Amino acid sequence: MSTDLTQARLKRQPDMQLPGGKCLIADLAVVSPDMLLVSNHSRHCVQLLDCLKGEVVSEVQLQDGPYRMCLTDRDTAAVRMGDKKIQMINVKNKTLTKDRQLTVSGTICGLTSSRNSLVVSYYNQPWLEVISMDGNILHQFDKSGTSEQFNSPDCMCTTPSGSVFISDYGTNTITKVDAQLNLLQMFTSPLLQGPHGITAVTEDQILVGSRDNNSIVLLQPSTNTMTTLLGKDDGIEYPYCLTYCLDQKKVYVAPYSTDTIKAYQVT
């Protein structure tokens with residue numbers, strides 16, 4: 001049965017803490033029902049967290065602080081490392097190992113994957129690119145640099161159909177494009193203040209961390225509506241990244257610059 005967050009309750013679960021004290025968790029990704037991949041920018045590593053035990057079971061050190069990341073499949077992650085490099089990481093048998101690196105021309109904001117390709121956002125023109133897994137450019141958005149569509153397209157997510165949603169904390173907007181980067185829709189709301197982390201639950205249910213509002217917002221593209229699902233009373237404070245586990249029906253949220261990951265069970 002599919003998840004309908006408009007009719008659901010979200011019950012807070014015990015927090016999980018990474019070892020080593022305060023840090024910047026830059027991104028989260030669900031590897032399996034009980035495993036989270038964590039981009040730990042402060043400690044220059046990517047970690048595999050066992051959610052049942054609350055323990056890091058594997059980590060890989062990187063040359064620079066990792067930032068946004070995505071899974072390209074169940075066994076591979078792509079991680080922004082530094083400004084212009086993407087580090088591919090193998091995720092197999094609860095063990096993380098480094099694979100190849102890709103180099104791009106601009107300073108990377110965010111990453112997602114769609115239809116066996118990577119979608120990369122940048123801090124300036126061309127703003128968005130689709131690149132192959134070996135680094136070749138397949139599509140570009142705003143190559144001419146004339147668009148004012150984006151300012152800081154920091155985070156992205158992909159729906160099952162391959163559509164891409166981009167959160168921009170500089171314009172307080174969410175933008176939807178197709179797999180070839182054609183502009184489809186743009187969303188804004190007073191509920192959306194400083195949007196960062198974004199994740200797709202279903203094709204028509206997108207969760208966004210509204211950092212400056214201390215809330216998690218549900219966007220429904222078909223009706224162009226946004227509603228607040230979680231707020232400060234639920235323990236949300238400066239949400240920086242988030243992800244959704246479909247199998248466990250759990251929302252995971254990492255606040256800005258802490259060692260804590262918060263979990264919420266959908267009931």
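The largest nonpolar core here has 16 residues, and Ile25, Leu28, Leu36, Tyr252 and Ile261 are the ones that touch the most other members. Keep in mind that this is a predicted model.

- The biggest contributor is E3, with three residues.
- A separate core of 15 residues lies apart from this one, and Ala77, Val79, Ile89 and Leu96 are among its members.
- Want to see what Ile261 touches? Setting aside residues up to four places away in sequence, the list for Ile261 is Asp15, Met16, Ile25, Leu28, Leu36, Val38, Leu49, Tyr252 and Val253.
- That list takes in Ile25, Leu28, Leu36 and Tyr252, which are also named, along with Ile261, as the core residues touching the most other members.

**The sheet from E3 to E6**

- Here four strands make an open sheet, ordered E3-E4-E5-E6, with antiparallel pairing.
- Strand E3 (25–32) and strand E6 (55–61) are the edge strands; each has a single partner, so one side of each has no neighbour in the sheet.
- From one strand to the next, the twist averages 20 degrees.
- Strand E5 (residues 45–50) is tied to E6 by six bridges, and the two run antiparallel.

- Another open sheet of four strands goes in the order E15-E16-E17-E18, and its pairing is antiparallel.
- Its edges are strand E15 (153–158) and strand E18 (183–187), and since each pairs with a single strand, one side of each is left without a neighbour in the sheet.
- Ignoring direction, neighbouring strands in this sheet are turned by 20 degrees against each other on average.
- Strand E17 (residues 173–177) and E18 run antiparallel and are joined by four bridges.
- Across from Val177 you'll find Leu183 in E18.

**The cysteines**

- How many disulfides does the model have? The count is zero, going by a rule that asks for two cysteine sulfur atoms within 2.5 Å.
- Take Cys23: its nearest cysteine sulfur belongs to Cys45 and sits 8.4 Å away, and Cys23 is in no disulfide.
- Is Cys23 buried or exposed? Cys23 is buried, with a relative accessible area of 3%.
- Cys245 has its closest cysteine sulfur in Cys51, but at 7.8 Å that is too far for a bond.
- Cys245 also counts as buried, because its relative accessibility is 1%.

**A look at Ile137**

- Where does Ile137 sit? You'll find Ile137 in strand E14 (residues 137–141).
- Ile137 counts as partly exposed, because its relative accessibility is 49%.
- Once neighbours within four places in sequence are left out, Ile137 is in contact with Glu129, Val130 and Ile131.
- Val119 is 18 residues from Ile137 along the chain, and the C-alpha atoms of the two are 9.9 Å apart.

Key:
Residues numbered from 1 in each chain as written. Predicted model: local features only at pLDDT ≥ 70, side-chain atom pairs only at ≥ 80, totals over all residues. Heavy atoms only, no water. Buried < 20%, exposed > 50% of the residue type's maximum accessible area, 1.4 Å probe, protein only. Pairing = 2+ DSSP bridges. Axes fitted to C-alpha atoms, helices over the stretch in contact; angles between N-to-C directions. Core = buried A, V, L, I, M, F, W, Y, C linked by side-chain atoms within 4.5 Å. Contact = heavy atoms within 4.5 Å.
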